[in-house]
Amino acid sequence: MRVIIIGAGKIGFIIAKILVEENYDVVVIEKLEERANTLQEYLDVEVIVGNGVKTSILEEAGIREAGLLVAVTESDETNLIACMLAKNFGVAKTIAKVKNPEYILENKKDREMFPGIDYMINPKLVTAKEIAKLIDIPEALDVAYYAEGKIQFLELKIPAEAPVANQQIKELKFDFPFLIAAIVREEELIIPRGDDFVYPQDIIFVLAKTVDMLRVERFLGTKREKAERVMILGGGYTGFQLAKILENRRYAVKIIEKDYHRCVKIAKELERTMVLNGDATDINFLKNEDTGNADVFVCLTDDDKLNLLVSLIVKNLGVKRTIAQVGRSDYITLMENVGIDVGVSPRTLTANRILRFIYQKNKVLSVTLLGNEEAEMTELLISESSPVVNRKLKDLNFPKGSLIGSIYRRNEVIIPKGNDVLLPGDSVTIFALPEVANIALKYITG
Amino acid sequence: MNYQRIIYSLSIILMIVGLAMLLPLFWSLYYDEYDSYALALSCGITYLIGVIGYKKTKREGNFLSKEIFVIVTLGWLLASLFGSLPYVFTRIFPTYADAFFETMSGFTTTGASVLTDIETLPHGLLFWRSLTQWLGGMGIIVLFIALFPSIGTGGMQMFHAETPGGNFVKKLKPRISETAKILWSIYLLMTVTLAVLLWLLGMPLFDALCHTFGTVATAGFSTKNISIGYYNSAAIQWVITIFMFLAGINFTLYYKAFRTKSLGVYAHNEEFKLYSFFVLVAVFLVVCSNYSGSIATLDDTIREATFQVVSLLTTTGYATVNYNQWSYFAQTVLVVLMFIGGCMGSTGSSIKVGRILVLLKQAKLELVRCFHPHAVLRLKIDGKSIGQDNVINILQFFFLFLAIAALGTMFMTFWGFDFVTSFTATVSCLSNIGPGLALVGPVENFAFLPDVTKYFLSFLMLLGRLEIYTVLVLFLPSFWRKG
C-alpha cells in the first residue's frame with residue numbers, strides 16, 4: 001500500500017522508518033530541502049520537496065493510489081487541509097497531528113461534522129496520558145495495555161536486591177503466569193530463552209494479566225510504593241492535562257508555573273490541583289513547598305536543559321522519582337544515566353500512537369515500540385485461513401527473535417505455554433525484533 | 001439623568017400596583033364590607049396617576065446605570081406609598097407611620113406587623129396585605145420586565161438590581177424579559193399548587209390564598225393572630241414547611257430540572273446542598289435542645305423545630321410555637337439562621353446561602369495561602385471559577401450587612417429598648433423575616449415602637465430586600481453630580 005507522509009520532522013521520520021520496514025511504499029513530502037535530503041540519505045523512501053497542501057504536489061506523490069495519508073508538519077492548518085484534500089482524492093484513511101487543543105474533536109458527533117480526518121493526534125495530550133500511566137505504575141519505565149486492557153506489558157529495571165537477580169529464567173516458577181519477553185542489557189536487546197539469566201540492572205519487558213501483574217511484580221522484586229504526591233513543573237498544555245488526569249485519580253498534585261497569567265488560567269480550570277506561581281530553579285521556593293517529600297516530580301517545560309537541571313535539583317532535595325520531557329530523543333539515554341529516572345519524548349510517543357492507529361485496521365490491532373525502537377509488540381487477530389490455526393505452539397517453527405506473548409480468547413487471557421493451541425478469532429500479541437517482525441507476521445497471517 | 005425615562009418607568013410600576021388592588025376589591029365586594037370604597041379609591045388614584053405619568057412621558061434612548069438604581073429604589077418606595085392608601089382611607093392605623101410600615105413590610109416580604117388584632121380587619125384589607133407580599137416576593141420590577149419586554153437592555157440591569165442574588169442569578173433565556181416570564185410562571189405554578197393543597201387540607205379558600213402568598217414569597221403575614229398555629233393541623237404545618245423550603249431554592253434550578261427532566265441539577269448545585277445542610281443541622285440542634293426535659297412527643301418536637309428553622313432560614317417568619325420560650329441555645333441557633341437566608345434567585349432574603357458559600361470557601365483559600373504564599377488560588381462554585389471582583393463584592397456585602405445590623409441595633413437601643421429586642425428587630429427587618437425575639441417575638445408585634453423607629457425599620461427592610469447596594473448607591477453624593 002502507498003502511504004504519503006507530509007512533514008519529515010522527527011515524527012514523520014520514525015513513522016516512515018517503521019513503515020518502510022513493514023514493506024509499505026512510502027512517499028514523504030517535505031518543504032525544507034535540507035531535511036528532505038537527510039531523509040533520502042537514511043531511508044528507502046521517495047521524497048518530494050514541496051508544500052503538502054498543493055494538489056499538484058499531492059498528485060506527484062501519487063495520492064490517487066494512496067491508502068493512507070499522515071500529515072505531521074509543524075502547522076495544524078496544513079495538516080488539517082492536507083487531510084481534507086486527501087479525502088477528496090479518495091484516500092481511505094487520514095491522520096493529522098494537531099497541536100492546538102481547540103481543534104481536537106472530542107466526541108463522535110464532532111468527528112462526524114468534520115469528515116475529512118479519521119484520526120487527530122495531539123502530541124501534548126499523548127505525552128500527558130503516557131506520563132500519567134508511568135505515575136500510576138511508578139516502577140515501570142514504560143507501560144502498555146493489550147486485549148482491551150486485560151494484558152499489561154511493563155518495562156522494569158531489576159534492582160540489585162531483587163530475589164530473581166542472578167537466576168535462570170526457567171528456574172523462575174510462580175503460580176501466576178507471566179512472560180519475560182525481552183531483556184535489555186548494556187544497550188543490547190535479547191529475546192531470552194529458558195536458560196538465559198536475569199541480572200541486576202537488567203531492563204526486562206514483562207507480560208502478564210493486568211489483574212496478576214501486581215503479584216508478578218512482587219515476585220520479581222520490582223514493586224514500589226504507589227505515588228501520592230506529584231509535582232509538575234510547567235503549566236503548559238501538557239502539564240495542565242497531566243494535572244487534570246492526576247487530580248481525577250486522587251493524587252495530590254502541585255503545578256509550578258512561572259507566568260502569573262497562565263497560573264490564573266489553569267487555576268480556573270483545575271479542581272484540586274494547587275497552582276504555584278514561582279521559579280523552580282529557586283531552591284528556597286522548592287523547599288518551602290516541601291518538594292523533597294514529593295513522590296514524583298515531572299518536568300514538562302520546553303527547555304531540555306531546564307528540565308534536566310530542575311530534575312537534578314529536586315532529586316537532591318529528596319524526590320523519589322523524576323520524569324522529564326526531552327525534546328531531543330537521542331539524549332534520553334544520557335539523561336537517564338545522570339539521574340533522571342524516566343525521559344519522555346513527545347515526538348516518539350506521537351509516532352508510536354500514529355503507528356498503532358495505522359495497524360489497527362489491517363488485522364493488526366496495535367503496535368508498541370520498545371526501548372529505542374529496537375523491538376515491536378504487535379497485537380494481531382488470527383483468521384480462519386491462518387496456517388498456524390489448531391497447532392500446538394511448540395510444534396510451530398516460529399522465527400528466531402520473535403515470540404507469542406499472550407493469547408486473548410473470548411474475554412479470557414492466556415499466557416501461553418508450549419502445549420497451547422491457537423484458534424481462529426484469537427487475538428495474540430507478538431513480540432519481535434524489527435528485522436524479523438515482518439517474517440513473524442507473515443508466518444502467522446500466511 | 002433623563003427624568004422622562006424615570007417617570008415613564010415609575011408610572012408603569014404604579015399602574016401594576018393599581019391594577020393589583022382590583023383583587024382585594026373583589027374580595028371586599030364579595031364579603032360586602034366597609035373597606036370596598038377605600039380600596040376602589042386607592043385603586044383609582046394609583047392607576048390614574050400611573051396612566052397620566054405614562055401618557056405624558058416618552059421613553060427615549062437607553063437607560064443609564066444611575067437611572068436604573070433610581071427607578072428600582074423609587075419604584076419600591078412609591079409602591080409602598082401608594083400601597084398604604086387603603087389603610088389610610090379606612091383609618092385602620094392611628095398614625096401614617098403604621099400604614100407605611102405595614103405596606104413596606106408586605107412588599108419587602110418581611111411580614112413584621114403593627115396590627116394588634118389582625119382578625120378584626122375586613123377581608124379586602126387582609127387580602128391586600130397578603131397580596132403586597134406576593135408581588136414583592138418575585139419582585140415588582142421583575143414583573144414589570146416580564147410584562148414590558150420593550151424596556152430593552154435596561155431590563156437586564158433592573159433585574160440584577162432587584163433580584164435576590166443579583167449578578168449571580170444567570171439568565172435562562174437570551175432575553176431578560178423571557179427569563180422574567182419564566183420566573184414568574186414558576187412562581188405562579190408554585191402559588192396555585194400550594195393554594196390548592198391548603199384548601200384541600202381544610203383551610204377556607206380565602207385563608208389558603210393569603211397564607212400561600214405569605215409562604216411562596218417567604219414573607220410571613222398571616223390572617224390569624226397566632227399565625228399558622230391557629231389551624232392546629234400537622235398536615236398544614238408540614239405542607240407550609242415544605243413550600244417555604246421550596247421557595248428558598250434558586251428558582252432557575254426548577255427550570256433547569258424541568259428542561260433536563262432530571263433532579264441532577266440539585267445534586268450538582270453546591271448552594272442547594274449547603275442550604276439543605278443548614279436546615280438539617282439546625283433542625284438537629286433545635287430538636288436536641290428542645291426534646292430533653294420536654295413533655296412533647298418526638299414527632300411534635302421535630303415538626304415544630306423544622307417549621308421554625310425553615311421559617312427563619314428562608315426569612316418567612318411564620319410561627320407555630322412561641323420560641324421566645326425556647327432555650328437560649330435554640331434561640332441562638334435561630335438568630336444565626338437569620339443571617340443566612342435563602343438561596344440566590346429565590347424569594348428568600350438576608351445574606352443568602354450562595355454568599356455564605358463563597359465566604360466559607362474564600363476563608364479556606366486564605367488559610368491555605370498562609371502556608372503556600374506562592375499558590376495561585378481560584379474560588380470555584382459548581383466547578384466554575386468566581387472572579388475576584390465578585391468575591392470582593394460579596395465580602396463587602398457581608399461587611400455592609402453586619403455594619404448596618406450593628407448601627408441599627410445601636411439606633412434601636414437609643415430609644416430605650418433592651419439589647420435582644422433591638423438586635424433581633426434590626427436583623428429581622430434587614431433580613432426581611434418579621435418576628436425577632438423578646439418584645440418583638442413571634443406572638444408579639446411592632447405596634448408599640450415610636451414612629452421614628454418604624455420609619456427606620458421600614459428603611460432597613462428596603463435595604464435588605466434590594467440587597468443594600470441598590471439603595472445605598474443613592475446616598476453617594478457623587479451619584480447625583482452631573483457629568
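## R129(B) and its surroundings

Let's start at one residue of this predicted model. Setting aside its neighbours within four places in sequence, R129(B) is in contact with Y87(B), E102(B), S113(B), L115(B), I118(B), L121(B), F221(B) and S222(B). R129(B) sits in helix α7 of chain B, and with a relative accessibility of 1% it counts as buried, because buried means under 20%.

Two of those contacts deserve a second look. With E102(B), R129(B) forms a salt bridge whose closest N and O atoms are 2.6 Å apart. Helix α7 (residues 123–138) of chain B holds R129(B) and helix α6 (residues 96–107) of chain B holds E102(B), so this pair ties together parts that are 27 residues apart in sequence. R129(B) and E102(B) are both buried. With S113(B), R129(B) makes a polar contact from side chain to side chain, at 3.2 Å.

## Salt bridges elsewhere

Over all chains, a search of the whole structure finds 25 salt bridges. In one of them, the side chains of K87(A) and D118(A) meet at 2.9 Å, N to O. K87(A) belongs to helix α4 (residues 76–89) of chain A, while D118(A) lies in the loop between α5 (108–113) and β6 (119–121) of chain A, so the pair ties together parts 31 residues apart in sequence. How accessible are the two partners? K87(A) is partly exposed, with a relative accessible area of 25%, and D118(A) counts as partly exposed too, at 27% relative accessibility.

## Nonpolar cores

Which residues touch the most other members of the largest nonpolar core? Of its 179 residues, they are I256(A), F297(A), M158(B), I240(B), F446(B) and L457(B). The element that gives the most to this core is helix α10 (residues 176–200) of chain B, with 10 residues.

Leaving out neighbours within four places in sequence, L457(B) is in contact with F101(B), M412(B), A425(B), T426(B), C429(B), F446(B) and L449(B). There is also a second, separate core of 82 residues, and its members include A36(A), I131(A), F240(A) and I358(A).

## Where chains A and B meet

The area buried between chain A and chain B is about 1,100 Å², and carbon and sulfur atoms give 57% of it. In terms of residues, 16 from chain A are in contact with 10 from chain B. The salt-bridge count between chain A and chain B is 0, while 5 residue pairs between them are in polar contact, with both residues at pLDDT 80 or more.

Which elements of chain A give two or more residues to the side that touches chain B? They are α9 (260–269), β16 (274–277) and α10 (283–288) of chain A. The largest share of that side comes from α9(A), with 6 residues.

## Helices of chain B

Helix α1 (residues 3–20) of chain B has 18 residues and reaches 26 Å from its first C-alpha to its last, close to the 26 Å expected at 1.5 Å a residue. α1(B) is mostly covered, with 14 of its 18 residues buried. At its start, a side-chain oxygen of N2(B) comes to within 2.9 Å of the backbone nitrogen of Q4(B).

α10(B) has 25 residues and reaches 36 Å from first C-alpha to last, close to the 36 Å expected at 1.5 Å a residue. After α10(B) comes G202(B), with a positive phi near 105 degrees. Helix α9 (residues 153–162) of chain B contains M156(B). Apart from neighbours within four places in sequence, M156(B) is in contact with K171(B) and I176(B).

Definitions and conventions
Residues are numbered from 1 along each chain as its sequence is written. Chains are lettered from A and ligands numbered from 1 in the order in which they are written. This is a predicted model: local features need pLDDT of at least 70, side-chain atom pairs count only at pLDDT 80 or more; totals for chains, interfaces and linings use all residues. Side-chain values use heavy atoms; hydrogens and water are left out. Helices (H or I, at least four residues) and strands (E, at least two) are DSSP runs, numbered from the N terminus. The expected span of a helix is 1.5 Å times one less than its number of residues. Buried means under 20% relative accessible area, exposed over 50%, partly exposed in between (1.4 Å probe, protein chains only). A polar contact is a pair of N or O atoms within 3.5 Å; within protein, one must be able to donate a hydrogen and the other to accept it, and residues adjacent in sequence count only if both atoms are side-chain atoms. A nonpolar core is a set of buried Ala, Val, Leu, Ile, Met, Phe, Trp, Tyr and Cys residues joined through side-chain atoms within 4.5 Å. Contact means heavy atoms within 4.5 Å. Buried area is the accessible area (1.4 Å probe) that two parts lose on being put together, summed over both. A salt bridge is a side-chain nitrogen of Lys or Arg within 4 Å of a carboxyl oxygen of Asp or Glu.
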